[in-house]
Every structure is written in C-alpha cells, then in structure tokens.
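Please look over the sequence and the structure shown below before reading on.

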Amino acid sequence: MKKDNAELISYHCIIHQTVLCSTLSDEYAEVMKTMMKMINFLRASSSCQHRMLREFLREVDANSDDLLLHNNVRWLSKGRVLERFWSIRREVAAFLEELESQKAFNFTVFLNDKKNMDIVAFLADIMSHLNGLNLQLQGKNNSICELMTSVRSFQRKLQVFKEDLQGDYTHFPKVKEQVQGHGDVSSFVDFVDKLIENFSKRFDSFSIGEQLTLFIQNPFLITDVRAFSNDVTHHFKWANAGPLQMQMVDLQADVALKEQFGRTDSATFWLQMVSETAFPDLKKVALFILTMFGSTYSCEAAFSTMNIIKTKYRSKLTDEHLHMCMRMALTSFKPRFKMLAGQAKAQFSH
C-alpha cells in the first residue's frame with residue numbers, strides 16, 4: 001500500500017502495543033509461571049481433586065467456590081486469575097496442606113514464602129489497572145483519538161502509581177494488606193518505572209499528536225490555530241496551512257455548530273453537521289483521522305465470530321453460507337422484521 005501512497009501513516013495495533021508494554025520478566029515471570037502451574041494442578045490435573053477443592057471451599061465458606069484457569073490467548077485472564085486466587089488464598093493454602101503429594105508440598109512452600117506472596121499481591125493489583133486500560137481500548141466504535149486519550153491518561157496514572165508505592169498504597173490495596181508497612185517495595189517501583197519507560201518508547205512519538213486529538217474530540221478548545229495547522233501539515237502533506245487556520249477560526253465562531261457539538265458525539269458532528277462546502281479542509285482532515293483503525297479489535301472480533309459459526313459440527317457449511325452468516329452476525333443494521341413479515345405472501349392453497 002505504501003508503494004501506491006508513500007504518505008500513508010502506518011502504526012502498530014494500539015491494544016497489542018499496550019500488552020507488549022506489560023510483558024513480565026525475571027522473578028515476576030517465574031512467580032506467574034508457578035502460580036499458573038499451581039492452579040492447573042488444582043483444577044486440571046484430576047477431576048476428583050477439583051471436586052474436592054470445590055467442596056472444601058464451600059465447606060469453609062470461602063469468598064469463591066473455585067479457581068479460574070488462565071488462557072494465554074486472553075490477556076485479561078491473567079489479572080482475573082490472580083484476583084480470584086487472592087480472595088481465597090488462605091483456603092487454597094489450607095487445602096494444599098491436606099494433600100499428600102510432593103507437588104502439593106512444593107506449592108505449599110511457595111505460598112508460605114513472603115517474598116513470593118508480596119509479588120503475587122503486586123501483580124494482582126497492577127494487572128487490575130492494566131486490565132482496566134485494556135477494556136477501555138476494546139470496542140468497535142472507538143476512534144484512534146479516543147484510544148490514544150486512554151493511553152495518555154494511563155501514562156499519567158503510572159506516575160501516580162509510582163508515587164503511591166512510596167506512600168500509602170492507595171491504588172495497591174492487596175500490596176497494602178500483604179506488606180502492612182514492613183515490606184520492601186523497591187522492586188515494585190522499578191517495575192512501574194519499566195512500565196513508564198515501555199509506554200514512553202512505544203507511544204511518545206506516536207504520529208497522531210495532541211493537537212489532532214483535540215481537533216477531533218473538541219475543536220472549540222483549540223487556542224493556537226497556527227500550532228494546529230503546523231501539526232496537520234506535518235502529517236498530511238496535501239493540507240494547506242492558510243485555509244486550515246481561517247476555517248478553524250470560522251468554525252469556532254459558529255455558535256450554532258458549537259451548540260450542536262455539545263449535544264452529540266464527535267464522529268456524528270464531523271460526519272453529519274459540519275458542512276463540506278463551508279469547511280472543506282477541516283472536514284477532509286477529520287475524515288482522514290476518523291477512518292484510521294486504532295486497533296485490530298474488529299478483525300479479532302470477526303475471527304472469534306467465525307470460530308463460533310464454523311464449528312466441527314457444521315462441516316458442510318460452504319464459503320458462501322459462511323459469508324452470509326458472518327454478515328448477519330457482524331452487521332450493525334437491525335432488520336425491520338414486522339415490515340418484512342407484512343410483505344410476505346402466503347401460498348394460495350393456504
């Protein structure tokens with residue numbers, strides 16, 4: 001595509017980049033690996049043992065009656081697995097002590113190690129924050145500007161998290177419960193520092209800057225039209241700074257448009273309310289930005305839908321029928337069933 005259009009703006013999937021920023025290493029990866037082995041041992045190694053675990057958790061009136069399994073394909077499951085384990089960690093430790101096997105003994109030793117449990121508490125807290133970011137980035141109707149706003153906000157939150165680890169652990173309740181003011185959290189601060197560095201490397205030089213993001217989300221807040229036009233002409237070589245500046249001044253002076261902007265979302269405002277005749281350059285820039293895909297979420301969602309439709313039990317499903325089923329499953333249009341049913345004609349014999 002770049003051969004046909006050398007000025008094409010390319011970038012990596014924003015959701016995938018945030019996941020790459022959060023990759024575990026060293027002792028954190030080892031602790032997570034051991035946690036997954038322990039949970040698989042309790043849940044998947046024996047159906048009898050799994051039933052015993054569930055019955056034990058019910059008998060002791062634990063907060064949950066089972067552990068969750070981790071799935072490498074789904075990033076969110078890491079945080080949820082740790083959240084569930086942390087809520088019943090004492091009951092799980094008691095159950096392991098009752099089992100007469102070497103594996104159970106090794107996992108008991110792991111759970112009784114304070115340093116390991118400190119790391120588990122920290123991972124449960126930090127991954128809950130990362131999961132929150134991941135959920136914000138998902139969805140079909142998020143523009144690249146909205147995605148980058150969430151990422152920029154999280155980058156600022158990381159600075160707050162770093163200061164919080166050196167203070168009262170407001171955003172790390174599990175760490176606060178575990179260390180009780182007597183633990184060494186310097187490695188946790190280093191972990192957050194590494195997150196800050198990773199996010200900075202991947203997103204600080206992102207092509208869509210703050211001026212263009214502000215232009216899409218609220219053009220009436222732009223105060224420096226010259227800086228805005230410079231940002232536009234830097235990314236879109238076809239744009240002309242003079243008309244852009246004059247059209248922006250006219251747009252911000254239009255009281256009716258400003259009132260309409262307050263009553264609708266930014267995409268609808270640029271697509272339906274801004275006149276192409278009065279603001280041709282501004283609208284063209286808005287269309288270029290709004291049609292950028294910020295992530296591969298839609299592709300992944302479509303692929304998951306296809307896997308649900310095309311199961312091993314539908315081996316005779318043709319490509320044409322699969323295509324029709326996919327269109328029906330993925331379209332945002334809702335058929336007017338009553339009108340269609342009213343137009344249907346019954347057979348003459350009926």
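The model is predicted, so local features need pLDDT of at least 70, side-chain atom pairs count only at pLDDT 80 or more, and totals for chains, interfaces and linings use all residues. Residues are numbered from 1 along each chain as its sequence is written, and side-chain values use heavy atoms, with hydrogens and water left out.

Helices here are DSSP runs (H or I, at least four residues), numbered from the N terminus. Two packed helices are described by the angle between their axes and the distance between the axes. Axes are lines fitted to C-alpha atoms, for helices over the stretch in contact, with angles running from 0 to 180 degrees between N-to-C directions. The axes of H2 and H7 come within 10 Å and cross at roughly 90°. H2 and H7 are therefore roughly perpendicular to each other (65 to 115 degrees; under 35 is roughly parallel, over 145 roughly antiparallel, and the rest oblique). On the H2 side, the contact (heavy atoms within 4.5 Å) is made by Glu27, Tyr28, Val31, Met32 and Met35. H7 contributes Lys115, Asn116, Ile119, Val120, Phe122, Leu123 and Met127. By class, this contact of H2 with H7 has nine nonpolar, one polar and two charged residues. Nonpolar covers Ala, Val, Leu, Ile, Met, Phe, Trp, Tyr, Cys and Pro, charged covers Asp, Glu, Lys and Arg, and the others, Gly among them, are polar.

Helix H1 (residues 14-21) also packs with H7, at an angle of about 170° and with the axes 10 Å apart. That makes H1 roughly antiparallel to H7. Ile14, Ile15, Thr18 and Val19 of H1 meet Leu133, Asn134 and Leu137 of H7. The residues of this contact of H1 with H7 divide into five nonpolar, two polar and no charged.

Now to the rings. A search of the whole structure finds 20 aromatic pairs. Rings of Phe, Tyr and Trp (its six-membered ring) pair if their centres lie within 6.5 Å; planes under 30 degrees apart count as stacked, over 60 as edge-to-face and the rest as tilted. Tyr28 and Phe191 form a tilted pair, 4.9 Å centre to centre with 50° between the planes. This pair links distant parts of the chain, with Tyr28 in helix H2 (residues 26-43) and Phe191 in helix H10 (residues 186-203), 163 residues apart. Tyr28 counts as buried because its relative accessibility is 6%, and Phe191 counts as buried at 11%. Buried means under 20% relative accessible area, exposed over 50%, and partly exposed in between (1.4 Å probe, protein chains only).

The rings of Phe122 and Phe172 have their centres 5.9 Å apart and their planes at 15°, so this pair is stacked. Phe122 lies in helix H7 (residues 114-137), and Phe172 in the loop between helix H8 (144-165) and helix H9 (173-179), 50 residues apart. Both Phe122 and Phe172 are buried. Ring pairs link a cluster that includes Tyr28, Phe122, Phe172 and Phe191.

Lys174 lies in helix H9 and counts as buried at 13% relative accessibility. Leaving aside neighbours within four places in sequence, Lys174 is in contact with Glu83, Trp86, Ala121, Ala124 and Asp125.

Asp26, in helix H2, has a positive phi of about 55° although it is not a glycine. At 67% relative accessibility, Asp26 counts as exposed.

Note on methods:
Helices (H or I, at least four residues) and strands (E, at least two) are DSSP runs, numbered from the N terminus.
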